[in-house]
Structures are given as C-alpha cells and as structure tokens.
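Subject: Structure handover and findings

Dear colleague,

I am passing on the structure below, and I would be grateful if you could look through it alongside the notes that follow.

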Amino acid sequence: MARDGARPSYDPAGHDGPLRTALQDLRTGRWMAMRALLADTTSWWQWTQRTQVLATAAAGTDVVRAWLAEEPHSVPATVMHARVGVERALRAQREGHRRTHELWIEAWDAAQTASQTAPHDPVPWVCLLALAQLDPEQRWDEHRAPPPEPMLPPGPWGLLAEAGRRDPHNREAHHRMLQFLYTIGSSGRLAEAAGYAQWAAGSAPPGSALHLLPLYVRVERYRRSSGHDAALDLHWVAEDATREARRALHSWFEQTPRAERSLLDLNHLAHALWGAHQFPDAARVFDAIGPYVTPPPWMYRTPDRGRAVEVFLQARDRSRAAAEGV
C-alpha cells in the first residue's frame, strides 16, 4: 500500500468500500444496500465484522426493524435484529439507563431466536457473549461455567465454545470474553485477563487476530493506571512488551491477507511497535493503516483524548523517519 502523508480520519468501514456504501444508505433510513451487502458476504470473518459495524450505526434507528417487518423470514435480518438489540443494551448499561435490564432481556431473546434461525452462524453466540458483560456478579449459570484451563476464571466458556464450533478462533468472540473479564475484575485482577489473552494467543494458528490480544490487555492496564504522562515509558519498552509486539507482527500481520486485517488491530499493532521502539516495523504497519485511524489506543496516550490523531501522527512520523534512516 502506498504511503499516505495526509491527516488520517476515523471511518468505521475502514478499507471496506462496500460496507461504507451500506452505512451511507443505512443512515438515510434505507436497508436495501445492507441486505445486498450481507448477501454478498462469504466469510465468517467478514460477516462478523460487517454485522457489528452495521449494528453500531443502526442501533439508534428503526431500519433493521423495518427490514424484519418487510421480510420476517430473512435470516440476515434476524441476525441483525439481535445485533442491534445487544448494542442498545450495552449502550444503556454504559449510560446508566433505567431500561437496561429490560433491553438486556430483549436482546437475549433476540440472540436466542437468531441462534435457532441461523444454527451455523457464530454471531448469535457472539451476541450472547457480549451480553455477559451485563452480569458482572455472574448470577446466570451460563456466565460462570468452569474454565478450560485451571489458571483461568469461571465465565461464559460455553458461549465461547459455541461460537468457536461455528468459527474457530472468532476474533470478536474472544474480544467479548476479554471485555467480560475486565468487567468482573478490578485493576488488581487484570492478571486474569492477561492470562486469558496469553492462553488464547498461544493456541491460535498463524494469521489469527488472537495473537494481538496481549496488546489489548497491555493498553487496558495502561489506561487504568493513567500512564499518559510519559509517552514512551517502561510499560511499552519492557522486554515482554517488545516480545508481544513482535510476536503479533510475525504471527498475524505477516501471515494475514490484507483484506482480513481489522483496522483496530492494525492501530494496536502500530502503537505497540512504536512504543517498543521497533520503528521500521511500525512504519510497515502504518503504511497498511493508510488514511484511517481508530481513537483507541492513541487516545490513552494523552490526557486530552481529542488529541488522539496528533499522537498517531507523531508516532507515524517518528516511525517513518527511523525506517528511512535504516
């Protein structure tokens, strides 16, 4: 990919042009482009990614409900209905909305329906995993299942296994599990999340996005410690941090087709390599990112989160300058 020196922008579609078109159509209240896009989606990786992004945009509208009313037997519409329900429930929880529990149950029912309507689809199980965050006390039996390894905590392991049976090493499923572990754990229990990330990455095949999970945990630990006072501190240049960044580079970035690289993963990898002073390799990842940026993880490097793009640009310029000097 050619180098882009322009100021980057945030675009949830990233490099996915057809998804961008469907999002534009959705924002005007139409669903036909969304239906056509999902009909043309052939891989579970892309299906999971696209339905998540579409649901984020559709959650504040009635577009999916209108689609389902028009085509009540549509499998994609049923899955999207579950996706939207989950997004609304999670938003309500973040905002402290009084209808959170009601929306949670509605989303759970929609996800259960989708799992029966689309029995081979991992997304309904990803939806159920996402809802586990709303049960930090683990009152539901399915949220405190025994772990697959003794060093891991009880959690929604059965839901993760169901997603994995349909799409082994599904990226979002494992990120949802990580978010659940963040919810049940205090800052002192991030070790459990770190252990989980290492376990998942260690069992992932070459090219799997799960190799980046340790980078996300490292960012979360940094965020909780409010460590932005030192832009390049020991948290990022420590031996284990460098090892995690280079492992992600070799096991994921260099093994994965360009079309299957999540923009958020690319930003986390560039951030980790830059922080570890692996500037020439970071420059390669910045080139793959192109004209796009995601607010995390850059916004955690500054007390003013509105300056995330400036941090990104500083990191990109520093990495490219070092690469050109090699």
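Helices (H or I, at least four residues) and strands (E, at least two) are taken as DSSP runs and numbered from the N terminus. On that basis Arg 165 has its place in helix 8, residues 157-166. This is a predicted model, in which local features need pLDDT of at least 70 and side-chain atom pairs count only at pLDDT 80 or more, while totals for chains, interfaces and linings use all residues. Residues are numbered from 1 along each chain as its sequence is written, and side-chain values use heavy atoms, with hydrogens and water left out.

The protein chain has 17 helices and zero strands. Its C-alpha trace spans about 60 × 45 × 35 Å along the principal axes. Of its 326 residues, 52% count as buried, where buried means under 20% relative accessible area, exposed over 50% and partly exposed in between (1.4 Å probe, protein chains only). Arg 165 is exposed, with a relative accessible area of 59%; from C-alpha to C-alpha, Arg 165 and Met 80 are 21 Å apart in space and 85 residues apart in sequence.

Turning to the pockets, a pocket is, on a 1 Å grid over the protein atoms alone, an open set of points where a 1.4 Å probe fits, with protein on both sides within 12 Å along at least five of seven lines, and lining residues have an atom within 4 Å of a point. Grid points are joined across faces, edges and corners, and a volume is the space filled by probe spheres set on the points.

The largest pocket has a volume of about 1,700 Å³ and is lined by 48 residues, of which Gln 52, Arg 171, Gln 179, Leu 264 and Pro 296 lie nearest its centre. Among the elements that give two or more residues to this lining are helix 1 (17-27), helix 3 (44-58) and helix 9 (171-184), and helix 9 gives the most, with eight residues. By class, the lining has 21 nonpolar, 14 polar and 13 charged residues, where Ala, Val, Leu, Ile, Met, Phe, Trp, Tyr, Cys and Pro count as nonpolar, Asp, Glu, Lys and Arg as charged, and the others, Gly among them, as polar.

The second largest pocket holds about 330 Å³ of space, and of the 19 residues that line it, Arg 65, Gly 85, Arg 88, Leu 103 and Glu 106 are the closest to its centre. Helix 5 gives the most to this lining, with seven residues.

With kind regards
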